[in-house]
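Here is a short briefing to read alongside the model.

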Amino acid sequence: MTTTIDPENLPFVSETSVSVEIETEGMILNIGPQHPSTHGVLRLVAKVDGEKISNVEPVLGYMHRGYEKLAEVRTYPQITTLVNRIDWVSGFCNEIPFIAATEKLMEVEVPERAKYIRLMLTEMARIASHFVFNGAYPLEIGALTPLFYAMEDRERVLDLIESVTGGRFHPNFNRIGGVKPAAGAGPATKKDIQDLPAGFYKETRDAMETILLACDKFEDLVGGNEVFVARTKGVGVLPPEVATAYGVSGPILRASGIKFDLRTTTDYLPYKDFDYDIPIGENGDCFDRWFVRLQEIRESAKIVLQAIDSIPSGPLQAKVPKIIKVPAGECYVRAENPKGEMGYHLISEGGLGPYRLKIRTASFSNISVLPWILEGVLIPDLLAIMGSFDFVLGDVDR
Amino acid sequence: MSFGLELIIKIATVAAIAPAMALALTIIEIKGSAYMQRRPGPLHVGLRGFIFPIAEVIKFIQKEDIIPTKADKSVFKMAPAYIFISVFGLFVVIPASPTLIVRDLELGVFYFLAISSLSTIGVLTAGWSSANKYSMMGGLRAAGQLIAYELPLILAVIGVVIQAETMSLVGIVEAQKELGLPFIIAGQGVAFLIFMVAATAEMMRVPFDMPIGESELVSGFLTEYSGIRFLLFYISEYINLFVMCAIASTLFLGGYHIPFLPEEWVNFYGPVVLISKTFALASVLILIRWSFPRFREDQLQNIAWKILIPVSLVNILVTAVMKVVL
Amino acid sequence: MNQSESNSILENLASIFAKTSNDYDTLKIYVENDEWVQTATKLKEEHGFVFFSWLSAVDWENEVSVGDPPKEHVDPSFEILCCLSDVSDGNFAILSTKIEKTNPTITSLIEVFPGSNWHEREAYEMFGISFVGHPNLTKLYLPDGFEGNPLLKSYELLTREVKPWPGEVDVEPMPESDISSESEKEK
Amino acid sequence: MPKFKLRVPGFLKGMLIVFLNLFKKNVTVNYPFEKEKVTPRARGVIALDEEACTSCMLCARQCPDWCIYIEGHKELQPPSRPGGRERSRPVLDRFDIDYALCMYCGICVEVCPFDALFWSPDYEYSEYKMTNLLHDKEKLNEWLNTVPETQPLES
């Protein structure tokens with residue numbers, strides 16, 4: 001389409017707006033499964049016009065392990081070991097909703113001390129998961145050192161989890177009806193019921209103090225940096241109604257201004273006995289998503305400190321039959337995972353294993369909003385936005 | 001001594017100094033950044049890791065040099081040469097003392113600015129010829145960035161030239177000697193900042209390393225290079241760092257001159273002073289590299305066109321007025 | 001969910017809809033499959049259930065080749081579940097409808113909740129349920145050349161068939177006959 | 001324009017933090033030469049106490065990954081009291097754990113009614129070939145002496 005210029009009133013040359021559309025056909029850029037910043041094996045087929053992305057189509061399934069099918073061939077204790085491998089960054093939090101669902105169906109009353117230990121380890125896993133984000137997100141944007149400081153603080157928390165449960169990533173510490181009672185079930189070991197190791201309280205208090213200091217350091221090192229603020233402020237704004245329509249949950253939803261945290265409505269963990277506030281962001285951009293997670297680390301550290309002071313003593317596991325058969329019934333339990341809402345819809349027909357287990361993971365819905373939010377965005381921003389969604393591919397592909 | 005012999009000696013010294021300085025800077029960068037991140041860095045290479053760059057050079061030399069099949073072979077092979085030449089060319093004008101200089105050109109500054117813009121061609125051809133979408137984007141980004149930051153570099157240097165009334169680098173250092181104060185204090189502080197920001201962008205170091213943005217473009221125009229070609233890129237990056245800091249210290253920090261040392265010995269302490277000032281500047285750049293994220297493409301251009309150039313023009317105006325007044 | 005405290009919303013929900021069940025703190029609303037979209041929009045507009053949590057299906061079958069069959073006889077059909085929740089105090093409701101296996105189709109919720117796009121694609125490839133009105137109903141997880149719907153109860157797990165179960169091997173009985181009868185009993 | 005309040009520009013604080021870290025002690029452990037202290041409860045490897053095992057097959061059946069292979073037979077044992085009947089006692093022939101498949105969940109250790117399986121925090125048993133990861137009962141017995149005693153507990 002060319003503009004026709006009539007010779008009489010020739011406009012001043014500089015004002016002739018060349019409205020000839022330079023015909024550029026877009027390029028299909030394959031931000032493939034093997035890419036430094038896709039948090040695992042996610043493939044984005046992006047139609048790119050110069051630097052601007054016209055549309056993005058995520059291709060999933062590279063990490064699909066078929067958990068819902070596996071759950072149908074396993075017994076209940078075996079599923080708890082299977083389930084904490086879904087979101088491996090926060091291993092402990094995946095088991096809680098499944099255990100709560102089975103306990104609800106079996107009407108088992110979990111002792112107080114076991115609930116407190118579960119709550120403490122959930123909050124520690126949340127701190128570990130948010131530290132991975134705190135380290136990896138500035139790496140997406142180009143800052144290389146925060147990753148090392150984040151991993152250093154995270155090691156402290158993982159060592160604590162390992163000293164209690166024996167595993168750093170996959171603790172497998174939950175049993176139906178409470179927490180792992182003893183190293184073995186045999187007569188010799190029955191006597192010494194395992195509990196928190198000696199000196200655990202003191203170590204946890206020091207660790208939480210250093211973590212609170214680390215959060216302030218991160219606020220200066222990353223949040224204060226003008227380049228980081230320039231790269232994340234106002235980038236990838238997610239309005240609240242789009243977030244709820246796509247089922248985005250967790251820190252991303254709270255960053256968009258909705259004060260909704262499943263921890264306030266859970267009844268199987270004693271969150272009501274602690275006072276913590278829920279950080280929310282104002283305009284739902286990448287900076288808010290980063291800042292909400294940083295404040296959540298502080299809240300979780302405070303919760304763990306309060307939990308240590310007020311932990312009751314008592315048994316660790318309720319009376320549960322050796323072979324667990326869950327009575328027929330159906331129930332959906334959801335919990336506040338570090339990534340968002342994680343829920344298990346358990347349909348049991350009284351057999352050794354569940355008839356059908358629907359696993360609702362947070363990152364799957366969080367990612368489904370990516371094609372909407374990545375319209376017309378520059379490539380460097382694509383990474384800033386994707387990084388701020390903090391997803392783990394195990395969570396997405398189940 | 002005939003001109004030819006003198007030329008050979010000078011070329012030999014430059015050919016010896018440049019890689020040595022590059023290796024020294026690599027050591028500072030790698031071990032320094034490791035300790036900044038509270039890890040020991042390379043340890044088992046020898047001397048607790050301090051001969052790591054030599055090991056790296058040998059590693060790259062014996063590595064296989066892959067040329068992608070669809071690549072534009074001849075251009076692909078020549079690309080590192082452009083950058084290497086442009087970086088080596090800059091050694092001509094760096095004065096280690098009034099006499100210890102390859103060739104004291106009357107238009108030293110003009111020569112320096114002309115040669116330093118040669119590397120844009122090398123980066124662009126490298127990006128284009130490796131037939132890979134990511135490196136093509138890296139190459140185009142590099143072209144945009146280098147050209148955008150040529151201008152503030154030149155305008156910042158003009159302020160110095162006005163104040164020193166000469167274009168030859170030795171003359172500039174002499175001017176600072178009479179003034180008694182290095183130019184960074186005597187009126188050219190703003191120009192120093194602009195020069196350093198523009199130089200960081202020229203060297204494509206963080207926070208301007210969009211062309212080699214590892215998290216997006218895998219490693220920009222360097223993606224397809226390996227073996228000795230990558231080594232040429234790598235070495236010339238560090239020589240470029242040394243040269244830019246050397247020229248910055250010559251123009252702004254008084255080069256080989258220190259106020260209270262005796263004049264006669266300048267041939268002996270001159271190089272040491274210049275190198276120490278250069279390494280100080282380089283370690284500041286290294287510290288910046290490990291504590292800054294990366295700018296986005298359009299922010300990068302905004303800074304160049306909307307902030308650096310206007311400020312450097314104002315700086316020239318102020319210097320010219322001060323020149324007339326004083 | 002501590003539904004007991006905030007059961008005011010759930011009470012009037014139970015009253016409005018015909019068939020609901022609320023055991024184990026899970027409110028389930030049974031819906032005919034032609035009112036599937038209207039119920040979702042009603043819940044979204046009137047009751048503030050704006051959060052689209054998830055959508056999936058259950059394959060009710062009597063003889064199953066994987067896991068153990070349902071306790072009492074059940075007529076083979078697909079049950080489609082969709083969980084909606086509000087973002088104020090965390091109440092959620094699960095819409096459920098049954099469709100026969102002969103022609104497994106249902107209208108898609110894409111207009112009401114754009115987020116159901118991927119959930120429906122997953123249900124399509126895992127159960128073979130086709131969603132009318134879905135923009136691009138293609139495979140989400142499975143590679144393109146994959147046939148069959150894995151989450152159906154009739155789809156066996158190959159690895160479990162191929163490898164013999166280590167628990168199968170038993171302690172061989174004693175060579176003499178009289179002892180062997182006693183060990184048979186105690187196994 | 002947001003109120004422009006004079007404060008130390010953020011990136012200087014960031015650079016100061018990175019610079020101060022230059023002098024702090026390294027946090028990394030130089031693995032082959034320095035070893036990190038492993039917590040006694042770490043689940044490194046499963047050790048087998050051969051005498052206690054009565055090859056009741058419970059662990060092999062409960063293992064989710066099917067990675068425990070057991071074969072045993074029964075033997076007549078001389079009577080404990082003179083004149084008593086010989087007891088038949090199950091003897092273990094083969095007890096292999098395939099560590100290439102094992103996911104360290106610990107169900108076998110818990111479900112064993114005779115305290116034959118224990119956790120030990122030893123983690124240095126990697127092999128060059130995956131098939132060598134199938135360890136027989138002698139190797140599992142060796143690990144028995146790396147099993148720590150029961151540790152003191154919190155109140």
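In this predicted model, α6(B) passes α8(B) in a left-handed crossing (the near helix is turned anticlockwise from the far one by less than a right angle; clockwise would be right-handed). Helices here are DSSP runs of H or I with at least four residues, strands are E runs of at least two, and both are numbered from the N terminus.

**The helix pair**
- Helix α6 (residues 133-164) and helix α8 (residues 189-202) of chain B pack at about 155 degrees, with axes 8 Å apart (axes are lines fitted to C-alpha atoms over the stretch in contact, and angles run from 0 to 180 degrees between N-to-C directions).
- α6(B) and α8(B) are therefore roughly antiparallel (over 145 degrees).
- Residues of α6(B) including Leu146(B), Tyr149(B) and Leu153(B) take part in the contact with α8(B), where the partners include Ile194(B), Phe195(B) and Ala198(B) (C-beta atoms, placed from the backbone, within 7 Å).

**The whole chain**
- Chain B has twelve helices and zero strands.
- The C-alpha trace of chain B spans about 60 × 45 × 45 Å along its principal axes.
- Of the 326 residues in chain B, 48% are buried (20 or more other C-beta atoms within 10 Å of their own, placed from the backbone).

**Reading the numbers**
- Residues are numbered from 1 along each chain as its sequence is written, while chains are lettered from A and ligands numbered from 1 in the order written.
- Local features need pLDDT of at least 70 and side-chain atom pairs count only at pLDDT 80 or more, whereas totals for chains, interfaces and linings use all residues.

Note on methods
Angles under 35 degrees count as roughly parallel, over 145 as roughly antiparallel, 65 to 115 as roughly perpendicular and the rest as oblique. Two residues are in contact if their C-beta atoms, placed from the backbone, lie within 7 Å. A residue is buried if 20 or more other C-beta atoms lie within 10 Å of its own, exposed if 12 or fewer, and partly exposed in between; C-beta atoms are placed from the backbone.
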